[in-house]
Amino acid sequence: VARDRFLDYLSRYCVSLNKGSPNVRDIADIPPQELVTTPVNKPWLSLDKATAQIVDEILAAGEELPHAAAVMHTMAREGIQAKIDSWRMNEFIKNDVKQPWVLFAHYRESLDQIEAFIEGCGDTYVRVDGSTPASERAEAERKFQAGEVQFFIGQNTAAGVAINLFRAHLSATFDRSWKAVDYSQLLGRTCRRGQTEDCTHYDYVARSEEHTSEL
């Protein structure tokens with residue numbers, strides 16, 4: 001009797017899945033995703049020299065000694081133009097293939113430069129960052145998924161969750177947030193249920209345009 005009651009209790013929390021179900025198959029058979037790290041602006045200064053150079057520049061401008069976090073963020077968003085230049089040489093961009101892309105950056109300054117580059121090329125895009133209202137966020141997702149624009153530009157945290165961008169199988173990150181979960185979430189915008197192609201994600205890593213040779 002106790003066994004039957006226990007099994008009855010468990011049955012309320014168990015769901016039987018049929019591998020033949022299209023919905024189950026979509027979830028179980030998500031295509032793989034390749035991660036490609038692309039360093040640019042090498043050779044780089046060593047970390048301690050690059051940090052010292054940033055601090056010296058801040059002090060030379062008459063500002064106070066910066067907090068370590070400020071130096072970290074300065075370094076993290078450096079080299080954005082070099083990253084864009086490297087991305088534009090990607091085989092899909094270089095060959096002018098009109099593939100849909102999802103482009104992520106953590107800092108709004110980086111998003112601004114990515115947006116300016118795409119505008120300069122005359123391509124279509126939508127942008128979602130922390131200031132984007134929920135209604136506009138949903139509309140940006142719809143436009144991209146419907147094929148009305150080629151590029152989706154998103155801030156890592158604001159566009160990295162609860163949004164479907166599987167129309168694209170190509171994505172890139174130009175600078176990262178400092179939380180692994182944010183990175184994991186943004187990877188799942190393209191490589192998720194509904195995706196039909198193998199995905200590739202490019203991470204562009206750089207130091208400042210001025211920091212290109214060892215001292």
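Just after helix H3, Gly 62 takes a positive phi of about 85 degrees. Helices (H or I, at least four residues) and strands (E, at least two) are DSSP runs, numbered from the N terminus. The model is a predicted one, in which local features need pLDDT of at least 70 and side-chain atom pairs count only at pLDDT 80 or more, while totals for chains, interfaces and linings use all residues. Residues are numbered from 1 along each chain as its sequence is written, and side-chain values use heavy atoms, with hydrogens and water left out.

Helix H3 comprises the 14 residues 47–60. The expected span of a helix is 1.5 Å times one less than its number of residues. For H3 this gives 20 Å, and the end C-alpha atoms are 20 Å apart, which agrees. Ala 50, Ile 54, Val 55 and Ile 58 of H3 are buried (under 20% relative accessible area, with exposed meaning over 50% and partly exposed in between; 1.4 Å probe, protein chains only). Seen down the axis of H3, the buried residues fall within an arc of 135 degrees, so they line one face of the helix; the arc is that of the directions from the helix axis to the C-beta atoms. An α-helix has 3.6 residues a turn, so residues three or four places apart point the same way. On the other side of H3, Asp 48, Asp 56 and Ala 60 are exposed. Helix H4 (68–76) is included in what covers the buried residues of H3, where contact means heavy atoms within 4.5 Å.

Helix H7 was examined in the same terms. Its 13 residues should span 18 Å, and the end C-alpha atoms of H7 are 18 Å apart, which agrees. The buried residues in H7 are Ser 110, Leu 111, Ile 114, Glu 115, Phe 117 and Ile 118. They cover an arc of only 160 degrees around the axis, which puts them on the same side of H7. The cover of these buried residues includes helix H5 (80–88), E2, E3 and strand E4 (151–155). Gly 122, which follows H7, has a positive phi near 80 degrees.

Strand E2 (residues 101–105) contains Trp 101. The relative accessible area of Trp 101 is 0%, so this residue is buried. Trp 101 and Phe 152 are 51 residues apart in sequence, and their C-alpha atoms are 6.4 Å apart in space.

Side chains of opposite charge can pair when their charged atoms come close. A salt bridge is a side-chain nitrogen of Lys or Arg within 4 Å of a carboxyl oxygen of Asp or Glu. By this rule the count comes to eleven salt bridges. One of them joins the side chains of Glu 115 and Arg 127 (2.6 Å, N to O). This pair links distant parts of the chain, with Glu 115 in helix H7 (residues 108–120) and Arg 127 in strand E3 (residues 125–128), twelve residues apart. Glu 115 has a relative accessible area of 17% and is therefore buried; Arg 127, at 19%, also counts as buried. Arg 127 forms a further salt bridge with Asp 129, the closest N and O atoms being 3.0 Å apart, and Asp 129 is buried. Asp 112, Glu 115, Arg 127 and Asp 129 are linked in a network of salt bridges. Glu 148 and Arg 142 also meet in a salt bridge through their side chains (2.9 Å, N to O). Here Glu 148 is partly exposed at 41% relative accessible area, and Arg 142 is partly exposed at 38%.
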